[in-house]
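This report describes the fold of one protein, from its overall surface to single backbone features. The sequence and structure are shown first.

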Amino acid sequence: MNHLIFHRDSLSFADLSEEISLDVSAKKGNVLSLDIYGPEKIHPSGHFAYWNCKLPDGTSKVSIKIDLHRISFYSTVFLNDGKRMSYADHWINQEFEFAGQLNISATLWSGDKQLESKTFEVSLSAKTQEKLRHALYGVHRLDSNRLFINHFCEDEIPPPKLLVIESTSRCNLKCPMCPRTIDMSPSGTYGDLDESILANLENEIRKTESICLSWMGEPLMNRRLPEIVERIKSINPAVLVSMTSNGALLSEIAAENLIRCGVDSINISIDAADPEIYGKIRIGTNLETIIKNIKILQSLRQSHASAKPDTCIAYVAGRENIGQMPGIVDMAYKLGIKHVSLAIMDDFALTKAYKERLDLSSDIVTLGRTSFSNAESSAGQKNIDLIFEMPIQFFHFLGIKRAGCEVEDILLDNDLSGDEISRLGMQKGCQVPWQDSFVAHNGDVHPCCVSPRILGNLRQQTFEEIWNGEQYRSFRRKLKSSDTNEECRRCRRAIWNKIGIVESAKDWMEVGRSEIHGLGWGMMNTDTSGRPFRTISRKATFFLHDSEKPYLALTLGNEQRKIAVAQVQINDTDLGNVVIPYGWQTEYFDVSHFTKGGNYAGTDIQHALLALDEAQDGLLKVTISLSAENMVLKIAGAALLDENEVDKKTRMSLQSGKEPISRMRAMVRHAGYYTDKIRKKLLK
């Protein structure tokens with residue numbers, strides 16, 4: 001018996017699209033598969049892709065439309081009498097190498113038994129092979145995914161969490177590792193902050209979480225620093241104000257002013273406990289003066305009974321001082337300082353100017369490992385908190401294995417050519433232009449601490465106009481691609497990341513295991529039970545693979561003594577609200593009208609599906625927005641679920657597309673708080 005009757009004997013793929021028409025005689029449960037192999041039919045290396053489709057019982061007129069202009073799960077569509085049939089399974093080999101021939105097979109299966117098959121041999125010209133390579137390698141990378149890139153580069157970006165406002169670019173020292181010393185400061189000319197620009201920053205000061213008043217200069221050189229802090233605090237009393245100082249000008253009057261005006265924290269740069277080594281690095285002062293000034297600050301804090309400014313010693317390791325870490329920890333302990341920041345020397349993307357200083361011999365690295373080991377042991381005994389400014393770089397350069405900091409050498413190689421970066425499919429893993437912004441003393445806005453690039457000026461524009469302007473967007477686009485900005489390519493503060501493949505995305509997200517982040521996430525943490533989670537303070541986004549499953553489950557937590565209310569969106573379309581009392585709970589949503597599992601019909605079915613695919617490329621964007629700025633929500637995971645993975649009672653409540661909020665929930669949401677009695681009823 002002929003199960004498959006084909007209406008043509010050959011395929012050409014001259015324009016990367018073809019249609020196979022056939023009559024199929026099938027029994028319920030039979031599967032029709034389309035496989036595309038190279039010259040050698042070997043799985044997986046010689047196997048390009050397959051699509052499987054379950055068939056109805058009886059005889060059907062089936063059309064298989066193949067369009068490889070944009071290679072994805074929806075490049076092949078199975079139609080039965082013009083109506084699209086659902087996929088049973090599909091797979092694409094993103095590492096497939098196109099050669100001169102494709103073998104395209106249509107096969108009918110009954111379980112594991114092959115009932116009938118036909119193979120079409122298709123010869124490919126060199127031009128067609130190149131088109132297919134471009135379609136495969138370009139479309140599947142996340143940096144080519146429109147939904148993903150629009151989120152990072154085209155949509156409106158939330159205000160920065162950190163604003164660096166340069167109170168002055170002048171400095172009283174001539175430190176050899178500073179770009180100022182060699183007249184290559186990224187913040188440009190020298191001068192004090194033009195305070196008129198603060199008027200154009202008021203909205204951002206209200207919204208940001210922290211402000212740092214130092215960048216390329218010594219903040220204590222600006223005599224109006226206390227007034228600047230007071231103005232910022234008058235706009236946003238809750239904002240955390242910090243600065244980094246060399247400490248040489250931290251006189252009694254200066255220390256008194258810092259306490260009075262409300263500076264929250266100060267880092268004091270000390271790179272050696274040995275006075276002679278210190279003097280070679282911090283040229284223009286001496287260690288004795290710095291220690292005396294710190295003692296003044298600590299004494300005044302005590303007399304004012306003030307915990308602020310919280311003080312930290314900031315140490316940067318280089319050739320001259322790499323053995324000084326234990327001494328720095330001991331110094332902090334004697335001065336009553338609880339925090340020590342450790343970093344490896346940065347070159348501010350000026351690699352050529354710093355080449356000799358960055359050349360750490362094996363002997364220096366060995367000394368550094370011993371120095372750190374002794375410092376870490378001493379810090380543990382003295383209850384000193386060690387902070388790592390760039391932990392991956394710090395541990396990598398010292399050859400120390402530390403969880404989460406072990407990376408391949410190539411991911412820290414800043415001498416890669418543009419061709420190598422493109423061939424390896426890499427981009428810089430930097431979130432700074434989405435979370436921080438740097439304002440020079442003259443109002444110039446820069447994307448980060450190492451970039452001399454000016455994206456706008458606050459004397460002519462508002463910050464919002466600059467932050468969401470084309471120059472900022474263009475900078476972000478380049479950073480999300482292999483063709484990155486020149487200063488980003490040379491920057492040592494961010495490592496290279498291999499660009500993700502869309503199909504590597506899961507239809508579930510679990511913090512610490514499988515995550516494709518969007519914007520808005522806090523650091524990973526664990527609760528008392530060991531459950532990993534991330535925090536959401538305003539709005540956060542993540543991406544899931546669209547597996548066509550009809551339900552979305554979110555595992556969310558709240559540790560505040562007030563109800564957390566959040567809105568959930570799929571691909572920027574409202575899905576519903578969640579109301580989270582104290583503790584963890586799982587919320588379910590019907591997302592069947594957002595996924596691609598629906599039954600599409602019509603003569604233009606292939607075009608319609610490819611248009612959908614053009615927009616989403618197999619991803620779903622999930623956004624969670626809190627209803628109040630002072631709320632904090634936790635997320636542990638999310639998943640798309642099948643019918644059989646959600647109980648019937650839950651499915652019934654979700655058919656409208658959003659979970660109904662009961663009278664009790666509505667009352668609690670309106671009140672903004674809950675009693676133990678209400679909480680017990682809610683959790684029931």
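## Overall description

The protein exposes about 30,900 Å², and carbon and sulfur atoms supply 49% of it; accessible areas come from the Shrake-Rupley method with a 1.4 Å probe, and for residues only the protein chains shown count as cover. This is a predicted model, in which local features need pLDDT of at least 70 and side-chain atom pairs count only at pLDDT 80 or more, while totals for chains, interfaces and linings use all residues. Residues are numbered from 1 along each chain as its sequence is written, and side-chain values use heavy atoms, with hydrogens and water left out.

Of the 684 residues of the protein, 53% count as buried (buried means under 20% relative accessible area, exposed over 50%, and partly exposed in between, with a 1.4 Å probe and protein chains only). The secondary structure comes to 20 helices and 32 strands; these are DSSP runs numbered from the N terminus, with helices (H or I) of at least four residues and strands (E) of at least two. Among the contacts with a separation of 6 or more, 72% are between residues 24 or more positions apart, where contact means heavy atoms within 4.5 Å.

## The sheet from β1 to β7

An open sheet is formed by 5 strands in the order β1-β2-β5-β6-β7, with antiparallel pairing; two strands pair if DSSP finds at least two bridges between them. Strands β1 (4–6) and β7 (83–84) each have a single partner strand and stand at the edges, so one side of each is left without a neighbour in the sheet. Within this sheet, β2 (residues 17–26) and β5 (residues 58–67) pair in the antiparallel sense over 10 bridges. Residue L22 stands opposite V62 in β5.

In the loop between β3 (31–37) and β4 (47–54) lies P44. The peptide bond from H43 to P44 is cis, with omega near 5 degrees.

## Nonpolar cores

The largest nonpolar core has 88 residues, and those with the most contacts inside it are L201, L213, I270, M325 and F372. A nonpolar core is a set of buried Ala, Val, Leu, Ile, Met, Phe, Trp, Tyr and Cys residues joined through side-chain atoms within 4.5 Å. Helix α8 (residues 325–335) gives the most to this core, with 6 residues. The core draws at least three residues from each of domain 2 (146–490) and domain 3 (509–520 + 527–599 + 617–644); the domain bounds come from an automatic or database domain assignment.

Leaving aside neighbours within four places in sequence, M325 is in contact with Y315, L342, G368, S371, F372, A375, F394 and L398. Apart from this core lies another, of 37 residues, among them I20, L22, W51 and F96.

Strand β11 (residues 162–165) runs parallel to β19 and is joined to it by 4 bridges, with V439 as the bridge partner of I165. Strand β20 (residues 444–446) runs antiparallel to β19, with 2 bridges between them, and V439 stands opposite V445 in β20. The hairpin of β19 and β20 has 4 residues between the strands, and in it G443 takes a positive phi near 95 degrees.

Strands β24 (residues 525–526) and β25 (residues 532–536) pair in the antiparallel sense over 2 bridges, and N525 stands opposite F533 in β25. Their hairpin has 5 residues between the strands, with G530 at a positive phi near 90 degrees.

## Single residues and loops

Residue S341 belongs to strand β16 (residues 339–344) and is buried, with a relative accessible area of 11%. Leaving aside neighbours within four places in sequence, S341 is in contact with C312, I313, A314, Y315, I387 and E389.

The loop between α7 (287–303) and β15 (310–317) contains P309, and a cis peptide bond joins K308 and P309, with omega about -5 degrees. In this loop also lies A305, which has a positive phi near 50 degrees although it is a residue other than glycine; A305 counts as exposed at 71% relative accessibility. Residue N383, in the loop between α10 (362–382) and β17 (385–388), has a positive phi near 60 degrees and counts as exposed at 58% relative accessibility.
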